[in-house]
Amino acid sequence: MAGAPILFTPRLILRLPEPQDFEGYAAFAADPETMTHLGGAMSRAVAWRDFSLRAGAWTTRGFSMFSVIERDTGQWVGRIGPWQPEGWPGTEVGWGVSPQFAGKGYAFEAATAAIDYAVDILGWDDVIHTIAPDNLRSIRLAERLGSSNRGPTQLPPPLDSFRVDAWGQSAADWRARRGQG
């Protein structure tokens, strides 16, 4: 995609998904613990469709989750970024990190860059994160990002049976926290 965004943080590169990312994505999607709150573990074939869906959203929506790459090693870390498929309850910046990269602050670093992108480049006035009430790691990350729990929300089918809360904040609040407001 010509003119595709590439974001750099001190330790990470956020860019559009590329074919070589699929091996990392497939391992991420197959891990039952990682996928507990992301729809459940996926077979390789289902992971390919999910990977392609997210890559294709860049064309159909003009935004989607970035592949997050560790700068020092070139390894695929996870997928983080703007997400709003048809029927979604808001303009979300979501995240998912492979287990070997969890606990290193990468999700916070990448989510910060992705929220900046959503607010400053995409012009979003509001950002949410849909989080299961028992997903304590994601709740802590949302709080660290400055989001608050707005209460239960509804995902579209086939995800409508999952109980999630909308955590979020306005772009004005985000900018104020970042010292940009």
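**Close-up views of a predicted model**

Nine salt bridges are counted in this predicted model, and some of them are shown in the views below.

**View 1. Crossing of helices H1 and H2.** The axes of helix H1 (residues 22–30) and helix H2 (residues 44–60) come within 9 Å and cross at roughly 120°, which makes H1 oblique to H2. The crossing in which H1 passes H2 is right-handed. From H1, the residues Phe22, Glu23, Tyr25, Ala26 and Ala29 meet Arg44, Ala47, Trp48, Asp50, Phe51 and Arg54 of H2, and by class this contact comprises seven nonpolar, no polar and four charged residues.

View 2. Threonine 130, which lies in strand S6 (residues 126–131), is buried, with a relative accessible area of 17%. When residues up to four places away in sequence are not counted, threonine 130 touches Trp88, Pro89, Glu92, Thr153, Leu155, Val164 and Asp165.

**View 3. Salt bridge between aspartate 116 and arginine 178.** The side chains of these two residues meet in a salt bridge at 3.2 Å, N to O. Because aspartate 116 lies in helix H3 (residues 106–120) and arginine 178 in the segment after helix H5 (171–177), the pair ties together parts that are 62 residues apart in sequence. Aspartate 116 counts as buried at 15% relative accessibility, whereas arginine 178, at 38%, counts as partly exposed.

View 4. Arginine 163 forms a salt bridge with aspartate 165, their closest N and O atoms being 2.7 Å apart, and aspartate 165 counts as buried at 7% relative accessibility. Elsewhere, salt bridges that share partners join Arg15, Glu18 and Asp21 into one network.

Notes
Residues numbered from 1 in each chain as written. Predicted model: local features only at pLDDT ≥ 70, side-chain atom pairs only at ≥ 80, totals over all residues. Heavy atoms only, no water. Axes fitted to C-alpha atoms, helices over the stretch in contact; angles between N-to-C directions. Helix = DSSP H or I, 4+ residues; strand = E, 2+ residues; numbered from the N terminus. Parallel < 35°, antiparallel > 145°, perpendicular 65-115°, else oblique. Left-handed = near helix turned anticlockwise from the far one by under 90°. Contact = heavy atoms within 4.5 Å. Nonpolar A, V, L, I, M, F, W, Y, C, P; charged D, E, K, R; others polar. Buried < 20%, exposed > 50% of the residue type's maximum accessible area, 1.4 Å probe, protein only. Salt bridge = Lys/Arg side-chain N within 4 Å of Asp/Glu carboxyl O.
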